[in-house]
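Welcome! Take a moment to turn the model around on your screen, and then let us walk through it together.

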Amino acid sequence: MRLVPHTTEFKIMESLHQLLLERHSIRRYTDRKVDPEDVKTILEAALLAPSSKSARPWQFVVVEDPEMLERLAQCKPNGTASVRNAAFAVVVTASPARSDVFVEDASLAAEFMQLQAADLGIGSCWIQVRNRYAADGEPSEVCIQEALGIPADMTVECIMTFGYSAETRRPVDPSKLLWEKVHIGTWNQAQTDE
């Protein structure tokens, strides 16, 4: 069991299910730095993520420098505020040459980091990069590759931001889950049309 902050008190995270109910995308962070051991644990989670045929096509760039975080935040016109105020960010890249499912592999690694961060009481947010564009029309991916010296043959999937939450979010109410999106046995069109 881990202690996970909820508002100003700590709650004991009893299970993965409880962690999933509590986890939210956090876009505003405090100025508190993340302990290097916790950063390592988050990165270890990415390296533990499964990948197709164990290809491990991903690579990660950790960014803590505020000036570089600001530069990365310019990669697209909207949705990058959490990059600016993060304690650190991880740029998730993958090689299409190493795996035909590099997007899925990179996504799993990013999500493993997000879940590990939540377990440590650290907020996170996924910032989509692939198929997004900067204000000048340049692909967001190219902006980030140039800023960080990432080779052109490495696809940039996302930027994961991390830090201690400066916002309070309530746990998800399980009674509001969209069970109509679950089909048992076969597809139920009537259920979809509702």
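Is Ser54 buried, partly exposed or exposed? With a relative accessible area of 46%, Ser54 counts as partly exposed, because buried means under 20% relative accessible area, exposed means over 50%, and partly exposed lies in between (1.4 Å probe, protein chains only). Before we go on, a word on what you are looking at: this is a predicted model, in which local features need pLDDT of at least 70 and side-chain atom pairs count only at pLDDT 80 or more, while totals for chains, interfaces and linings use all residues. Residues are numbered from 1 along each chain as its sequence is written, and side-chain values use heavy atoms, with hydrogens and water left out.

Most residues other than glycine have a negative phi. Ser54, however, has a positive phi, near 55 degrees. Asn131 is another residue other than glycine with a positive phi, near 70 degrees. Asn131 sits in the loop between β5 and α6 (140-148), and at 52% relative accessibility Asn131 counts as exposed.

Now look for the sheet. Four strands form an open sheet in the order β3-β4-β6-β5, with antiparallel pairing; two strands pair if DSSP finds at least two bridges between them. At the edges are β3 (58-63) and β5 (123-128), each of which pairs on one side only. From one strand to the next, the twist averages 20 degrees. Strands of a sheet pair through backbone hydrogen bonds.

Follow β6 next. Strand β6 (residues 155-163) pairs with strand β4 (residues 88-94) over seven bridges in the antiparallel sense. In this pairing, Val91 has Ile159 of β6 as its bridge partner, and Phe88 stands opposite Phe162 in β6. Six bridges join β6 to β5, and these two strands also run antiparallel. Here Gly123 has Gly163 of β6 as its bridge partner. How many of the nine residues of β6 are buried? The count is nine of nine, and the strand is mostly covered.

Which helices lie against strands? We begin with β4 and β6, which pair over seven bridges. Helix α3 (residues 66-73) packs on the sheet, touching β3, β4 and β6, and its direction makes about 120 degrees with that of β3. Helix α5 packs on the sheet as well, touching β3, β4, β5 and β6, and its direction makes about 5 degrees with that of β6. Contact here means heavy atoms within 4.5 Å. Axes are lines fitted to C-alpha atoms, for helices over the stretch in contact, and angles run from 0 to 180 degrees between N-to-C directions.

Among the buried residues of α5 are Phe102, Val103 and Met113. Just after α5, Gly121 takes a positive phi of about 80 degrees.

Finally, helix α2 (residues 36-48) packs with α5 at an angle of about 145 degrees, with their axes 7 Å apart. The residues in contact include Ile42 and Leu43 of α2 and Phe112 and Met113 of α5.
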